[in-house]
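Take a moment with the sequence and the fold below. The paragraphs that follow go from one part to the whole and end at a single residue.

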Amino acid sequence: MIRVRVPATSANLGPGFDAIGVALSIFNEVWVEESDKKLEIEIFGEGADKISKDENNLVYRSFCKVFERVNKSPKGIRLVLKNEIPLARGLGSSSAAIVAGLVAGNAYLGFPLNSEELLRMAVEIEGHPDNVAPALFGGVTICTQTPKLRCAKLPIFELDVVLAVPDFEVKTADARKILPREVPFEDAKMNVANVAFLITALCTKRYELLEIGMQDRLHQPYRSKLIPGFYEVLERAREAGALGVALSGSGPTMIALTKSPQAVAKAMEETFKEHGVKVKTLITHPQERGALELVDVE
C-alpha cells in the first residue's frame, strides 16, 4: 500500500500573484492499493459528498497521467481519500489532489519520474505553479513559467498562520474572470517593491516588514468585491496583532501571519460575522515538508 500526505497551500502570497506560495500544516491523505475491481474510491472528510468517485476523480486522473508518461496502463486500483483541505476556498484543494495523484502514481510504479518532471506535469494539469510547487516541495516557493518553468524554495517563517475560511466558495476560474487585462503602472511598481519587502522579511526574519510585504495591488482590489467586509477584516486583524494579512489564493479565505494567533482569529471571525458571513478560523503553521517527502510505501 502507498500513502501520500499533501499539505494545503496558500498561493499568491501577499503580492506574489501567480508566483509565491506556502505550504500549510493541513493535509489531505491518499492511500493506494491494488484491487480486483477496475476502480474503487472512498472519500472521507471535506468534499466527501461532492467529489467524483469514478474515473473523473482528479486524484485518479493525475495518478493515471504518470502511467501515460511511461507508456503503461493501471489495472485495478483502490483509492482512499481523507481530506482536511476545504474545497474552493483558496487553500489549494485542487492542487493537493493533482499532487497526491502524481506522487502516488510515481511511487506505485517505482519512482520512474524525478521531482522536476512531477512539477512540470502538475503545472500542465493545474495551469500555474504557485499552488502545486509548495504542495510538492513544502515551505515557501517562488515559481515562474517565463521563459521556462523554474522553482526556488525559501526557508519557512517562524510565525503562526491564521486562516479565516468563509462558508461560501469562490471558484478559481470565476475569480480570474474579474481580473483586468491591464493594471495601472503605479500598481505594478508598488507590487514589485512589496515583493522585495516580502522576500526580505522571510529571509532575514524581519517580520515587521510584512506590513508592507503582504500588500497587493494586482488582484486583491478586484477580488475583494467577492468578499463582504474584506478591508475591515484586514484592518481588524492588523489591530489584533497580525503582521501581514492577505487573500489566500483566489479566496475567499483570508490569511494572517502573526505571533498572536488567538487574538487575530477572534478579530477576523467577529468582523466577518458583523458582515453576515459565517466563518471557520484555523490556526496552522508553515509546513516544511511537501508531498514528495510525505510518501510511504509498504
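Contact here means heavy atoms within 4.5 Å. The model is predicted.

Start with helix 10, residues 261-274. Which strands does helix 10 lie across? There are four: strand 7, strand 8, strand 9 and strand 10. Helix 10 runs at about 15° to strand 7. Now take helix 9, residues 230-239. Helix 9 lies across strand 8 and strand 9. Its angle to strand 8 is about 165°.

Four strands form an open sheet in the order 8-9-7-10, and the pairing is antiparallel. Strand 8 (242-247) and strand 10 (279-284) are the edges, each pairing on one side only. From one strand to the next, the twist averages 20°. Inside the sheet, strand 7 (residues 160-166) pairs with strand 9 (residues 254-258). Five bridges join this antiparallel pair. In strand 9, Met254 stands opposite Ala164.

Step back to the chain. How many helices and strands are there? The secondary structure comes to 10 helices and 11 strands. The C-alpha trace spans about 55 × 40 × 35 Å along its principal axes. For 298 residues, a compact globule would have a radius of gyration near 19 Å, and the chain agrees because it has 19 Å. Of these 298 residues, 51% count as buried. The accessible surface is about 13,400 Å², and carbon and sulfur atoms hold 50% of it. Among contacts with a separation of 6 or more, 73% join residues 24 or more positions apart.

Now zoom in on one residue. Thr253 sits in the loop between strand 8 and strand 9. Is Thr253 buried or exposed? Thr253 has a relative accessible area of 0%, so it counts as buried, the cut-off being under 20%.

What is Thr253 in contact with, its neighbours within four places in sequence left aside? The list includes Leu163, Ala164, Val165 and Pro166. Leu247 and Ser248 are on it too, as are Arg89 and Leu91. Ala164 is also the residue that stands opposite Met254. With Arg89 there is a further detail: its backbone oxygen lies 2.7 Å from a polar atom of the Thr253 side chain. Finally, consider Thr281. Thr253 and Thr281 are 28 residues apart in sequence. In space, the two are 9.4 Å apart, C-alpha to C-alpha.

Terms used
Residues numbered from 1 in each chain as written. Predicted model: local features only at pLDDT ≥ 70, side-chain atom pairs only at ≥ 80, totals over all residues. Heavy atoms only, no water. Pairing = 2+ DSSP bridges. Helix = DSSP H or I, 4+ residues; strand = E, 2+ residues; numbered from the N terminus. Axes fitted to C-alpha atoms, helices over the stretch in contact; angles between N-to-C directions. Rg over C-alpha atoms; globule rule 2.2 N^0.38 Å. Buried < 20%, exposed > 50% of the residue type's maximum accessible area, 1.4 Å probe, protein only. Areas by Shrake-Rupley, 256 points an atom, 1.4 Å probe, with all protein chains shown as cover. Polar contact = N/O pair within 3.5 Å; in protein donor to acceptor, adjacent residues only side chain to side chain.
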